[in-house]
Amino acid sequence: TKERQYLEIVASDRESSPIFIKPVIAIDGSEYTDPVFTVGGHFTAFDVGPMGSELRGDVLLGSRYGAAVDYYQPIFGATSSWFVAPRAGYDSSPFNIYHDQDQLAHYQLRTITGGLDLGYNFSRMAQLRVGYEGGGIKLSHELGDDLLPFSSDRLGTTTLSFSLDHLSFVQRKLIGPDIPRDGQEFKSSFKWHDAWLGATTHFPSVAADIEIFQHVSQRGSVYVKADAGSTLSYSNDGLPMYSLGGAQRLAAYGTNELLTNQYVHGAAGYIHRISQFQAFGGAIYGIGYLEVAKAYGLPAAPTLPKDATAGVVLDSVVGPLFVGGSLGDSGHRKFFFYMGKLF
């Protein structure tokens, strides 16, 4: 008789669900003489309580430190589309202000918050949420010039968001988790702030960004991206909502060099895979891109700040590491490195 092969599967009940832990390593070397280094972990546990629930959290240590936890619970049973999601967190991060490569001030920004969302899942990827987050915020002056006249205040934000892939109004079809090859991503959010650091009035904020990637060869892809934010002509006399300068927006400019309540930013670039390796599950890429932006309400700022950036990306299991340099207008130039989310 002909020999046959069989696959036998044996299932058994578990007394507790597994906890998945993902290490977190982030380095912001936008200012290479004063990098911000963070290590920690992200954990996820399923069915903590009623079936269908998820407990997620982060623990961070280093230049930035803190902890956060949120709990996802379906309301009408494990298969219900309606859910409730309470959360809480504490974060302490450096808030440095540079002009080009000169550090003007060093602050520490601390927040402690708690919130609650009510939501509905249209599908596995589409979600509607309405929620409120409140707490406290403190900005402590550590070194340099005291440029910001804020100390501590209450936080209060109401958010209405539609999301795909757990992002605020996201359409995500990216091939590759760190270095996309094809696809597009879109995100937007609307918030109403009834309390903000230094603000004497209530105001809204809206932000959106889009990224489009298209491969042009077996190894190369081009991309364009645009993002913007605004308080919709409402006056925010507190800490400005948005920032230009640093690895994510205008790399040649100093970190937080342009603080504003309204901006637009665009970039276009090319990504080329130089080599692929199996040892660490990744590849080496070359990347080059051009940026241009506009910061409103800053008379002393350049009309259209811009720069050109080029470097090498090592993409591995621990995340992408960028090393390169940027040359901008008005004498701005910088060598920098960055480990974390690039796109």
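The model is predicted. A run of antiparallel pairings leads from strand β16 to β17, from β17 to β18, from β18 to β19 and from β19 to β20. Across the whole structure, a search finds 12 salt bridges and one cavity of 30 Å³ or more. The second largest pocket is also described, with a volume of about 190 Å³.

- Strand β16, which covers residues 262-277, pairs with strand β17, residues 282-295, in the antiparallel sense over 14 bridges. Within this pairing, His-265 stands opposite Ala-293 in β17.
- Strand β17 also runs antiparallel to β18, and 10 bridges join the two. Here Leu-290 is the residue that stands opposite Ala-308 in β18.
- Strand β18 pairs in turn with β19, in the antiparallel sense and over 10 bridges. Thr-309 stands opposite Ser-326 in β19. These two strands form a hairpin, with two residues between them.
- Strand β19 is joined to β20 by seven bridges, and the two run antiparallel. The bridge partner of Gly-324 in β20 is Phe-336.
- Strands β19 and β20 form a hairpin as well, with four residues between them. Ser-330 lies in this turn and has a positive phi of about 55°.

**Salt bridges between pairs of residues**

- Glu-54 forms a salt bridge with Arg-56, and their closest N and O atoms are 2.6 Å apart. Glu-54 is partly exposed, at a relative accessible area of 21%, whereas Arg-56 is buried, at 16%.
- Lys-225 and Glu-211 meet through their side chains in a salt bridge of 3.4 Å, N to O. Lys-225 belongs to strand β13 (residues 220-230) and Glu-211 to strand β12 (residues 203-215), so the pair ties together parts that are 14 residues apart in sequence.
- Both partners of that bridge lie below the 20% cut-off for burial: Lys-225 counts as buried at 16% relative accessibility, and Glu-211 counts as buried at 4%.
- Lys-306 and Asp-329 form a further salt bridge through their side chains, at 4.0 Å from N to O. This pair links distant parts of the chain, 23 residues apart. Lys-306 lies in strand β18 (residues 306-316), while Asp-329 lies in the loop between β19 (319-328) and β20 (333-339).
- Lys-306 is partly exposed, with a relative accessible area of 40%, whereas Asp-329 is buried, with a value of 18%.

**A network of salt bridges**

- Four residues, Arg-87, Asp-117, Arg-129 and Glu-133, are linked in a network of salt bridges.

**The largest cavity**

- The largest cavity holds about 190 Å³ of space. It is lined by 14 residues, and those closest to its centre are Tyr-223, Ala-247, Tyr-289, Leu-342 and Phe-343.
- Strands β13, β16, β17 and β20 each supply at least two residues of this lining. Strand β17 gives the largest share, three residues.
- The lining of the largest cavity divides into 10 nonpolar, two polar and two charged residues.

**The second largest pocket**

- The second largest pocket has a volume of about 190 Å³.
- The residues that line this pocket include His-99, Tyr-253, Glu-257, Leu-258 and Leu-259. Also among them are Leu-298, Pro-299, Ala-300, Ala-301 and Pro-302.
- Ser-330 and His-332 are part of the pocket lining too.
- By residue class, the lining of the second largest pocket comprises eight nonpolar residues, three polar residues and one charged residue.

Conventions. Residues numbered from 1 in each chain as written. Predicted model: local features only at pLDDT ≥ 70, side-chain atom pairs only at ≥ 80, totals over all residues. Heavy atoms only, no water. 1 Å grid on protein atoms, 1.4 Å probe; cavity = no way out; pocket = protein on both sides within 12 Å on 5 of 7 lines; lining within 4 Å. Points joined across faces, edges and corners; volume = space filled by probe spheres on them. Nonpolar A, V, L, I, M, F, W, Y, C, P; charged D, E, K, R; others polar. Buried < 20%, exposed > 50% of the residue type's maximum accessible area, 1.4 Å probe, protein only. Pairing = 2+ DSSP bridges.
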